[in-house]
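Please look over the structure shown below, and keep it at hand while reading the report that follows.

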Amino acid sequence: MGATRTGTESRRPESRAPDEPRRTGPLIVTEDLGLLDDLLRLCAAAGVEPEVHHRVPERRTGWTDPALVLVGDDAAARCRGAVRRPGTVLVGRDRDDPAIWRLAVEIGAECVLRLPDAEGLLVDRIADAAEGIGRSALTVGVVGGRGGAGASTLACGLALAAARTGRRTLLVDGDPLGGGLDVLLGGEREEGRRWPDFAASKGRLAGGALEESLPSVRGVRVLSWGREPSAPVTPEAVRSVLGAARRRGGVVVVDLPRGTDDAAAEALAQLDLALLVVPGELRAVAAAHRVVLALGAAVRDVRAVVRGPYAAGLDERWVADALRLPLAGELPYDPGIVADQDAGVPPGAEPRAPLGRFCTAFWERALVPGGAA
């Protein structure tokens, strides 16, 4: 892979394939050719192109602009006096050199990483910096207290409402038997990858590449199921995909199955909040009790969304109290949803309709820093 800039002090890594994605990588400062070869290999694994210098670049911005600076232990002394900046990492291979910690303090390094033990950690750090990683996406799962509770409808409404705020939004179909969220959104003919394309994924996926590969419907990137039978999606694949989605920031909404196989359990582990959709009827409350037990074992924050109409003597507070869950809100009965879907209008697309108003109000609370959904 080729360095982004070269000069009398720069060394050019291996050439890059013409069709390979090109992302800006870290600044590497070292004269140790063995260490440099290792760092170039790790940058290649992260899919980035570094800039390499033997000492602090003469231009101030050459030192301060990169999101990540990797300083070899051989070059630390030459970096003394440089402007202190976040994202500086001191890299070495000698486990028995106590002076490396003093050097790290002198150059303002955030940490010391020793190779080869820290190779995996360093690849992740390089890839995170290249993707501009900031705050992880707020990840909300939606699951029905019983079959037909309206979880998929709410998940679509939440995704569309989040997209209307201008935030990056990804809707993940976690239920292989649900019929496909792309169909519910009217995007089944949109080009892009589906779950079968990721069924065997392992390790780290690039968040940007994942996002760009998915169909986009009304401002929402959608990961749904294909129409043809396919191999089951492994828990490792769920971990890779959701991890990549969360690193991109914004909002991730996951439509979850009521069952808890290994893949669903991995999805639950990624959630910040789970919403349990419960119709206002006694049988639905009884069925939801069993779902609450499964959710509570995996998700710290589980809340009830209660949907009308109600059986005699029930209301949203009664249902939430019976399940011993906080009430996230009441989802009003909306007979127009079925007619809208027949007309090709996705659930939640109309912000003034009952579902749209509910979802807008939810995000107004949830997306405020420190706010409670």
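A residue is called buried here when its relative accessible area is under 20%. By that criterion, 50% of the 373 residues of the protein count as buried in this predicted model. The secondary structure comes to 13 helices and 13 strands, and the C-alpha atoms fill a box of roughly 80 × 40 × 35 Å along the principal axes. Among contacts between residues at least 6 apart in sequence, 68% join residues at least 24 apart.

| Helix | Residues |
|---|---|
| H8 | residues 235–247 |
| H9 | residues 262–269 |

The axes of H8 and H9 come within 8 Å and cross at roughly 25°; because angles under 35 degrees count as roughly parallel, the two helices are roughly parallel to each other. H8 passes H9 in a right-handed crossing. On the H8 side, Pro235, Val238, Arg239 and Leu242 take part in the contact, and they meet Asp262, Ala263, Glu266 and Ala267 of H9. By class, this contact has five nonpolar and three charged residues, with no polar ones.

Turning to H8 itself, its 13 residues should span 18 Å at 1.5 Å a residue, and this agrees with its end C-alpha atoms, which are 18 Å apart. Ten of the 13 residues of H8 are buried, so this helix is largely enclosed by the rest of the structure. Among the buried residues are Val238 and Leu242, as well as Arg246 and Arg247. Just after H8, Gly249 takes a positive phi of about 80°.

Note on methods:
Residues numbered from 1 in each chain as written. Predicted model: local features only at pLDDT ≥ 70, side-chain atom pairs only at ≥ 80, totals over all residues. Heavy atoms only, no water. Axes fitted to C-alpha atoms, helices over the stretch in contact; angles between N-to-C directions. Helix = DSSP H or I, 4+ residues; strand = E, 2+ residues; numbered from the N terminus. Parallel < 35°, antiparallel > 145°, perpendicular 65-115°, else oblique. Left-handed = near helix turned anticlockwise from the far one by under 90°. Contact = heavy atoms within 4.5 Å. Nonpolar A, V, L, I, M, F, W, Y, C, P; charged D, E, K, R; others polar. Expected span 1.5 Å × (residues − 1). Buried < 20%, exposed > 50% of the residue type's maximum accessible area, 1.4 Å probe, protein only.
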